[in-house]
Amino acid sequence: MAWDSVPWFTEGGAEHSSEVARLLAYAAFGGAQGIVGSGDLAVKALSSPAAQVQVRPGACAIINRAAGSTYQAYAGRLPTSDTVNIAATGTSARSDLIVARVENPYSYGETWPNPSDPVVGPYIFTRVISGVSNTVTNVRQVRPSDSAITLARIDIPANTSSITQAMIKDLRTMVSPRRERVLYTAFPGTLSTLSYQDNQWHNWPTAANWDIDVPSWATRVKIVVTLAGFRYTRSDVYAKMHTVFGGDPGQDTVIDDDQGANTRRSTLVLADNMSVPSAKRGTTQTLRLQTYMSRIETGDVSVDAGTSIIADVEFVEDPDEEEV
């Protein structure tokens, strides 16, 4: 089989094929598809719920699924919000998939109708695929040959004509999400002890305190804090510990040690996956630890020069569901 004879880009008035142009888009998107920005093409209920939903402005990459279209992708843009109708349900519940779909009748093997104006199309649409299973998460599960990306699924109760936000499940993925991961460390130079006492939370260990720059694009943060050489003394210990990032506490991790009065050490691991609200993006936020000492047991906990505290902080860019 011969080459496509005009590669991108050739001078002299050469005519470049649509296939080569789509190859360029495919390479630019890294062979992936999805939304471009984290807030793009979010599906939202109307402020006054009705038999419609609104797709917010944005941009996307859509892989060409037509026959013989290997290494081809479309770049699509929605400059203003698009409102689509959702049919009411009868006596049974129904799930509808909301997708962005390219309908190009000129691509080999496609059977879409020709547009009224071949110059301006349209060739890309918000489409509703009605009556899918309420477990479907990708348009390829129901229409594998469509050149389309999934935006949302709407799970509509029986006898319902107005769509609320609670019915909409966001199913967007990003074409090229950004990530940033940094390790922070702390080494307590002297002994610091937290005694059993008051059933209260304390900002401790005080050495675990870092000011962290939040990327402007981050929508979530994954935090893993490891305390190696964590120390127990005097008696059994029952406590809890969690991270606090930007003032928001994470998941409690229980510390339950029943080894008696001898001095001993162990390793603790705390982990969280937290949303980053828009107000904290592009700012500097503090990461610290808090510890709760229970009166159930009478042992103490401490850190010293033999303790290492490591915070593994990764910011990620996922589709943003925050209302704007």
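Two strands count as paired if DSSP finds at least two bridges between them. Helices (H or I, at least four residues) and strands (E, at least two) are DSSP runs, numbered from the N terminus. What you're looking at is a predicted model, where local features need pLDDT of at least 70, side-chain atom pairs count only at pLDDT 80 or more, and totals for chains, interfaces and linings use all residues. Residues are numbered from 1 along each chain as its sequence is written, and side-chain values use heavy atoms, leaving out hydrogens and water.

Let's begin with strand E14 (residues 209-213), which runs antiparallel to strand E20 (residues 284-293) and is joined to E20 by five bridges. In one of these pairings, Ile-212 has Gln-285 in E20 as its bridge partner. In a regular strand, side chains alternate between the two faces of the sheet.

Now for another sheet. Three strands make an open sheet in the order E2-E3-E6, with antiparallel pairing. Strand E2 (43-50) and strand E6 (82-85) stand at the edges with a single partner strand each, so one side of each has no neighbour in the sheet. Strand E3 (residues 52-55) pairs with E6 over four bridges, in the antiparallel sense. Within that pair, Gln-54 stands opposite Thr-83 in E6.

Next, have a look at helix H1 (residues 18-28), where you'll find Leu-24. What are the buried residues of H1? They are Val-20, Arg-22 and Ala-25, and they pack against strand E5 (73-78). Leu-24, on the other hand, is partly exposed, with a relative accessible area of 42%. After H1 comes Gly-30, whose phi is positive, near 65°.

Finally, find Gln-200, in the loop between strand E12 (192-194) and strand E13 (201-202). Is Gln-200 buried or partly exposed? Gln-200 is partly exposed, with a relative accessible area of 44%. Leaving aside residues up to four places away in sequence, Gln-200 touches Thr-291, Tyr-292 and Met-293, where contact means heavy atoms within 4.5 Å. Thr-190 is 10 residues from Gln-200 in sequence, and the two are 24 Å apart in space, C-alpha to C-alpha.

Terms used. Buried < 20%, exposed > 50% of the residue type's maximum accessible area, 1.4 Å probe, protein only.
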